[in-house]
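Dear colleague,

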There are 2 protein chains.
Amino acid sequence: MKRNQFHIPEGVIYLDGNSLGPMPKAAAARVQQTVVDEWGDMLITGWNKAGWFHQPGVLGNRLATLIGAPENTVVLGDTLSIKVYQALAAGLQMRPDRTVILSDSGNFPTDLYMPDGLLKTIGRNIDLKIVAPEDIEHHLDENIAVMMLTQVDYRTGRLHDMADLTTKAHAVGAVALWDLAHSAGALPVDLGNCNPEFAVGCTYKYLNAGPGSPAFIYIRSDLTDKVEPALAGWMGHSSPFAFDTQYTPAPSIERMRVGTPPVLQMAALSAALDVWDDVLMQEVREKSIALSELFIVQVEQRCPQLTLISPRNSEQRGSQVSFAWEHGYAAIQALTSLGVIGDFRAPDVMRFGFTPLYIDEQDVLNAVAIIEKVINERIWDQAQFIQRAAVT
Amino acid sequence: MKRNQFHIPEGVIYLDGNSLGPMPKAAAARVQQTVVDEWGDMLITGWNKAGWFHQPGVLGNRLATLIGAPENTVVLGDTLSIKVYQALAAGLQMRPDRTVILSDSGNFPTDLYMPDGLLKTIGRNIDLKIVAPEDIEHHLDENIAVMMLTQVDYRTGRLHDMADLTTKAHAVGAVALWDLAHSAGALPVDLGNCNPEFAVGCTYKYLNAGPGSPAFIYIRSDLTDKVEPALAGWMGHSSPFAFDTQYTPAPSIERMRVGTPPVLQMAALSAALDVWDDVLMQEVREKSIALSELFIVQVEQRCPQLTLISPRNSEQRGSQVSFAWEHGYAAIQALTSLGVIGDFRAPDVMRFGFTPLYIDEQDVLNAVAIIEKVINERIWDQAQFIQRAAVT
């Protein structure tokens with residue numbers, strides 16, 4: 001759909017845009033402009049002249065259109081972990097008498113870790129209850145303060161029904177917090193209709209904003225001026241440059257800002273969002289399903305050793321497909337050396353993302369041919385592929 | 001000392017490096033390399049191949065040498081506000097029976113705001129007590145859990161005696177947390193000898209790492225494996241890529257990492273630190289004092305309308321000089337239009353930073369001549385300078 005707007009290295013079939021999206025060609029020039037023409041020439045005046053100060057909100061509004069959020073409900077900044085903390089702390093404040101955060105075992109680790117620190121800091125007796133993804137609805141009861149879920153499971157691609165679970169959470173009076181890390185830019189998200197109180201996500205996966213690009217947070221519009229920020233930073237103050245000694249949160253989503261925004265990362269994000277300007281998310285979804293289906297059918301046919309662990313039904317799956325295989329780690333290393341880049345998740349998951357902006361059917365067929373070769377010709381079974389690096 | 005390594009725009013005398021340092025020439029190429037050669041060509045493999053994953057610790061060790069910190073006590077990431085929160089939460093945990101955070105009215109607003117959110121989140125009855133900078137030592141008693149101070153006052157440049165106050169805080173059993181935002185890169189800091197439990201700071205001022213560059217946190221080495229992180233993110237986990245559902249903090253300063261590091265900002269920081277490789281901080285300090293003294297003497301002589309609000313004694317002053325003047329806002333705007341860039345801090349402070357890496361005596365004399373002209377010829381008294389922008 002937009003392949004010519006991305007830099008895909010020669011000889012690479014990139015099936016890892018669900019982990020780190022490739023570089024939009026315009027990003028390089030945009031970042032350079034921000035470094036040289038803005039930082040270099042404007043110096044401190046860039047905060048006004050180049051609009052750095054307002055970028056978190058301006059880009060928040062652009063991103064909002066991709067996740068079905070109204071204007072002024074999304075702001076950029078920090079990392080997904082920090083945004084989870086802010087949303088979770090706010091959700092717990094809203095339910096002072098409840099005692100449980102409900103999540104599932106398919107949630108991303110950092111989403112499960114952040115409550116650990118929060119609950120040690122907070123003075124309330126609250127438990128984090130982690131159940132199987134399919135059991136969430138059976139554990140929704142009036143003890144639940146916050147239901148905190150990631151819509152698309154990072155390992156399996158299993159897709160929660162966000163509208164349905166949010167409705168069920170609200171029926172028992174729980175606050176809903178959704179992590180859209182693997183949703184934003186991958187499939188249509190309609191926050192306005194699903195109606196959760198909070199959502200968070202990152203921009204370096206399907207949104208292609210580069211390594212370490214800022215995260216986002218959404219607060220439902222009726223709550224933006226009610227939430228008491230746990231992270232009360234000066235950029236979220238109602239008048240940051242009045243330098244009051246008293247904290248007064250901004251009367252808008254801007255109160256979720258904390259410190260100085262990462263201006264260079266914001267520049268890359270700005271270029272990355274340009275790519276989406278005329279893209280229909282429904283079309284992305286349809287093409288992603290077609291690519292994923294083709295991949296599953298081909299791999300199952302040609303590599304029967306691999307076990308599909310993603311849902312077979314495409315409506316229950318995000319934009320990635322995972323297979324379990326005991327030699328998965330070595331196979332992913334071997335595939336990378338041959339230009340087919342997916343990734344590995346412990347203990348045995350080979351994960352492949354399908355991103356129609358820059359991947360097409362021919363890429364899928366070529367990738368499967370190489371996967372077949374790596375597995376059936378035992379290319380994976382070489383010392384350099386089997387040995388694990390310290391970080392993978 | 002290093003002027004040829006910085007890009008200073010033609011016609012500009014930059015006296016605002018205490019707010020945002022200018023661009024080291026090498027930063028532009030370094031960032032472009034990270035964008036194009038690393039993100040562009042390495043894609044996801046950049047986390048290992050380009051060393052992105054380890055940058056927060058690697059750069060932390062480089063920065064440590066500039067603030068007298070031992071190896072493996074400093075890590076980069078997030079923003080100063082977030083690092084204040086982490087350190088403050090840890091300090092409060094260490095003194096569970098105490099009831100007061102002591103700070104001063106010269107602390108930077110975000111340092112005073114972060115306790116607001118923390119204290120609303122935490123379940124303990126703790127007060128933030130804000131006293132005059134010179135009164136800190138008289139308020140140190142056995143109720144104080146954490147003494148939280150910024151070494152150099154952002155408005156006046158007043159310099160606290162970090163060694164002396166830390167000793168006094170320890171004498172009453174309080175934890176010491178120092179913000180080095182206006183110290184790192186400005187004057188010799190000896191954390192190892194001053195012995196505070198925590199320090200934090202930013203890298204976009206005197207360290208010249210660019211707008212929104214990451215912050216740093218220091219933990220005294222006997223405490224690094226004892227502090228329970230309030231922000232329990234996956235990058236601070238002992239095995240981030242094992243994807244355990246249980247949080248186990250890294251057995252090192254790395255536990256203060258939270259989410260994915262801002263790789264492009266880290267690249268700029270890396271180039272900015274190169275400039276410091278053969279710089280002696282004592283020499284920077286001596287030259288900064290000489291420049292500041294020259295500036296004060298000249299301004300007092302030629303612009304008697306201005307009132308020095310920085311300490312007159314250079315040993316009690318950081319690397320900036322501030323004058324109060326009722327028309328300060330307009331004067332700073334007029335000066336900027338003529339290429340002399342300082343900044344304004346409400347209500348009436350004209351602030352000028354002296355950074356010997358790229359500013360010399362001739363710059364100071366030229367700047368004073370323009371300041372004299374702006375003030376004595378009433379150049380400030382024009383509509384475009386008097387009107388305040390929304391953000392300044």
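**Backbone features**

A:Asn208 is buried, with 30 other C-beta atoms within 10 Å, where buried stands for 20 or more other C-beta atoms within 10 Å of the residue's own, exposed for 12 or fewer and partly exposed for anything in between, the C-beta atoms being placed from the backbone. Although A:Asn208 is not a glycine, its phi is positive, at about 65°, and the residue lies in the loop between strand E9 (198-201) and strand E10 (215-219) of chain A. Helices (H or I, at least four residues) and strands (E, at least two) are DSSP runs, numbered from the N terminus.

Please bear in mind that this is a predicted model, in which local features need pLDDT of at least 70 and side-chain atom pairs count only at pLDDT 80 or more, while totals for chains, interfaces and linings use all residues. Residues are numbered from 1 along each chain as its sequence is written, and chains are lettered from A and ligands numbered from 1 in the order in which they are written.

A:Asn72, which is not a glycine, has a positive phi of about 60°; this residue sits in the loop between helix H3 (55-64) and strand E4 (74-77) of chain A, and is partly exposed, with 16 other C-beta atoms within 10 Å.

In chain A, the peptide bond from A:Ala346 to A:Pro347 is cis, with omega near 0°, and A:Pro347 is placed in the loop between strand E14 (343-345) and strand E15 (349-353). In chain B, B:Ala346 and B:Pro347 are joined by a cis peptide bond with omega about 0°, and B:Pro347 is found in the loop between strand E14 (343-345) and strand E15 (349-353) of that chain.

Best regards
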